[in-house]
Amino acid sequence: QVQLVESGGGLVQAGGSLRLSCAASKSIFSFESMGWYRQAPGKQRELVAAITSGGSTNYADSVKGRFTISRDNAKNIVYLQMNSLKPEDTAVYYCYLEKNGPLVPLRYWGQGTQVTVSS
């Protein structure tokens, strides 16, 4: 079992920046994939960004060029740098870690952090 704690959310004006952090209670080195989802009120949770153990990244089209995901294996932290924020980025952001399980992938979630972008 691994616990994830997100931080860095808050209120920011459109065009501003925030950096989210996701601190894991164990080493993230062995996890195949990690990343961030978000869920806005009345909408489904959507993938924002992901990074593999090999360093490959994947982004939602809506955040490409504005968000950057990175990981610090030494500190067991996954980051999401968010620039040029828009009101439509307002959501609760959740980080996750995923590794292969005996039958299906095992995914662990953080509790979420609120990001609010004002126009």
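Biologist: Leaving aside neighbours within four places in sequence, which residues is Ser 21 in contact with?
Modeller: Keep in mind that this is a predicted model. Ser 21 is found in strand S3, residues 18-24. Skipping its neighbours within four places in sequence, the contacts of Ser 21 are Val 5, Glu 6, Ser 7, Trp 36, Ile 77, Val 78 and Tyr 79.

Biologist: Okay, is Ser 21 buried or exposed?
Modeller: The cut-off for buried is under 20% relative accessible area. Ser 21 comes in at 15% relative accessibility, so Ser 21 counts as buried.

Biologist: How far apart in space are Ser 21 and Arg 71, C-alpha to C-alpha?
Modeller: Arg 71 sits in strand S7 (residues 67-72), on the face with Phe 67 and Ile 69, and these three are buried. Along the chain, Ser 21 and Arg 71 are 50 residues apart. In space, C-alpha to C-alpha, the separation of Ser 21 and Arg 71 is 9.4 Å.

Biologist: Which residue takes a positive phi in the hairpin of S7 and S8?
Modeller: That hairpin has four residues between the strands. The one with a positive phi, near 60°, is Asn 76.

Biologist: Last one: how many residues does the largest nonpolar core have?
Modeller: Those with the most contacts inside it are Trp 36, Leu 80, Met 82, Tyr 93 and Leu 97. Elements giving two or more residues to this core include S3, S7 and S8. The size of this largest nonpolar core is 31 residues.

Definitions and conventions
Residues numbered from 1 in each chain as written. Predicted model: local features only at pLDDT ≥ 70, side-chain atom pairs only at ≥ 80, totals over all residues. Heavy atoms only, no water. Buried < 20%, exposed > 50% of the residue type's maximum accessible area, 1.4 Å probe, protein only. Contact = heavy atoms within 4.5 Å. Pairing = 2+ DSSP bridges. Core = buried A, V, L, I, M, F, W, Y, C linked by side-chain atoms within 4.5 Å.
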